[in-house]
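This report goes through a set of local features and then the larger arrangement of one protein chain. Keep the sequence and the 3D view open while reading.

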Amino acid sequence: MAAAGQNLRIDPDRLWDSLMEMAKIGPGVAGGNNRQTLTDADSEGRHLFQRWCEDAGCTMGVDAIGNMFARREGTEDLPAVYVGSHLDTQPTGGKYDGVLGVLGGLELIRTLNDLNIRTRHPIVATNWTNEEGTRFAPAMLASGVFAGVHTQDWAEDKTDAEGHRFGDELDRIGWRGDEEVGARRDDMHAFFELHIEQGPILEAEGRDIGVVTHGQGLSWTQVTVTGKDAHTGSTPMPMRKNAGLGMARILEAVEAIALSHAPHAVGAAGHIEVHPNSRNVIPGRAIFTVDFRSPDLSVIEDMEARLRSEGQRIVNEMGLEIAFEKVGGFDPVTFDEGCVSAVRSAAERLGYSHMDIISGAGHDACWINRVCPTAMIMCPCVDGLSHNEAEEITKDWARAGADVLLHAVVETAEVVS
């Protein structure tokens, strides 16, 4: 694979302007975005992306679960190099999570057009449906269907908090395409995803680029602790069966379990429900989801086992009951050595400081890695903040990430001399 010259760079102003224009769709209340999947705002963002892609000479394909594929033809009938991420956001999301990867893919196509550079392999810029999983769980839903991890019927039957069905909402906003989901798998030569880090490491280390070698595995276990509702004022302390207290002690154990596998393992509970959630009633039931992550599958399995044993010990001592349900997860990911090398050599060639990094979050690339050679590129974000309207990056960080993406993709797609 021939490498592109150092003078091949994206247009940072055009990329930034595109990011800011997309951010006008589905604005949040505090400067970010609320462009949740399969909403009217999601549809509007998709239409804008389609128009930009068609203006860049691409043909747009859409599959039956709404994944979008903007194709720039190559000079030969070869499998395509795919690039992209997602346009949907959290309810209080930022302007860059996912969007940088989609519009970075569009920008590299625009740059190749500007310079009249052709590649042997086609290049396809992709928008995956429902990466966030906020409205319809789980995350990375449509890329999971594309990769054969989930069935399409199972995904379409998912409902949001108001009871709206995924498949019905896809039809309502008009983005169910006619391509069979996964039909493009044989067309994928490689996949690259540019993303903000969503963590503080790159900024703290003063690095422009994260070369993502692995993705953490994830385990979600829903825990239900059952005690007895009782009056907070008239129930003696020794006679209480406080499910909330049981939950608190288990969460202390979760912290200790994760710390025992430092520095790469993490654990916490973000989803917590306490019932009846009344000021003067001792909680009779607590439901919470423990999120464990590690790049080592054996560590995840150890943390899961210890959660169950420690949780059972705690409730036995307190006279409570407990139930565990595995509600989600995926194994750790090792990205393709060839694609990772293309990212690393691109950063070196362009003079950007870089380091190897493990992704702490799930991404569409984690599922697509099962289908074809895959790698990720990360750029810093301010204070590591993401899934927050205050999420921020600099234009220079965006430029560096998109430059490296451009070079890695062009090297893989093979420039025609």
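In this report, two residues are in contact when heavy atoms of theirs lie within 4.5 Å. The model described here is predicted.

**Around W367**

W367 is part of helix α11, which covers residues 364–368. Is W367 buried or exposed? Its relative accessibility is 6%, so W367 counts as buried. Leaving aside neighbours within four places in sequence, W367 is in contact with M140, S143, G144, A147, V149, H150 and F330.

M140, one of the contacts of W367, lies in the loop between β4 and α4. M140 is not a glycine, yet its phi is positive, at about 55°. The relative accessible area of M140 is 3%, so this residue is buried.

A second residue other than glycine with a positive phi is H387, where the value is near 55°. H387 sits in the loop between β15 (374–379) and α12 (395–413). With a relative accessible area of 40%, H387 is partly exposed.

**Cis peptide bonds**

The loop between β4 (123–127) and α4 (141–146) also holds P138. A cis peptide bond joins A137 and P138, with omega about 5°. Another cis bond runs from H275 to P276, and its omega is near 5°. P276 is placed in the loop between β9 (266–275) and β10 (281–282).

**Salt bridges**

Side chains of opposite charge can pair when their charged atoms come close. How many salt bridges does the structure hold? There are 27 salt bridges. The table lists some of them.

| Pair | Closest N to O distance |
|---|---|
| R14 and E107 | 2.9 Å |
| D160 and R135 | 2.9 Å |

R14 and E107 form a salt bridge, with the closest N and O atoms 2.9 Å apart. This pair links distant parts of the chain, since R14 is in helix α1 (residues 12–23) and E107 is in helix α3 (residues 99–114), 93 residues apart. R14 is partly exposed, with a relative accessible area of 22%, whereas E107 is buried at 0% relative accessibility.

D160 and R135 also form a salt bridge, with 2.9 Å between the closest N and O atoms. The pair links distant parts of the chain: D160 is in the loop between α5 (152–156) and α6 (166–172), and R135 is in the loop between β4 and α4, 25 residues away. Both residues, D160 and R135, are buried.

Elsewhere, salt bridges with shared partners join D40, R135, D160, E169 and R172 into one network.

**Nonpolar cores**

The largest nonpolar core has 101 residues, and F49, L103 and F192 touch the most other members. Helix α12 gives the largest share of this core, 11 residues. Leaving aside neighbours within four places in sequence, L103 is in contact with L15, S18, L19, M22, F49 and W52. Another core, of 22 residues, lies apart from the largest one; among its members are A253, I257, F292 and V315.

**A sheet and its helix**

Four strands form an open sheet in the order β9-β11-β7-β12, with antiparallel pairing. Which strands are at the edges? The edge strands are β9 and β12 (321–330), each of which pairs on one side only. On average, neighbouring strands of this sheet are turned by 15° against each other, direction ignored.

Within the sheet, 10 bridges join β7 (residues 217–226) to β11 (residues 285–294), and the two strands run antiparallel. V225 stands opposite A286, which belongs to β11. Helix α9 lies across β7, β9, β11 and β12, and runs at about 165° to β12.

Key
Residues numbered from 1 in each chain as written. Predicted model: local features only at pLDDT ≥ 70, side-chain atom pairs only at ≥ 80, totals over all residues. Heavy atoms only, no water. Buried < 20%, exposed > 50% of the residue type's maximum accessible area, 1.4 Å probe, protein only. Salt bridge = Lys/Arg side-chain N within 4 Å of Asp/Glu carboxyl O. Core = buried A, V, L, I, M, F, W, Y, C linked by side-chain atoms within 4.5 Å. Pairing = 2+ DSSP bridges. Axes fitted to C-alpha atoms, helices over the stretch in contact; angles between N-to-C directions.
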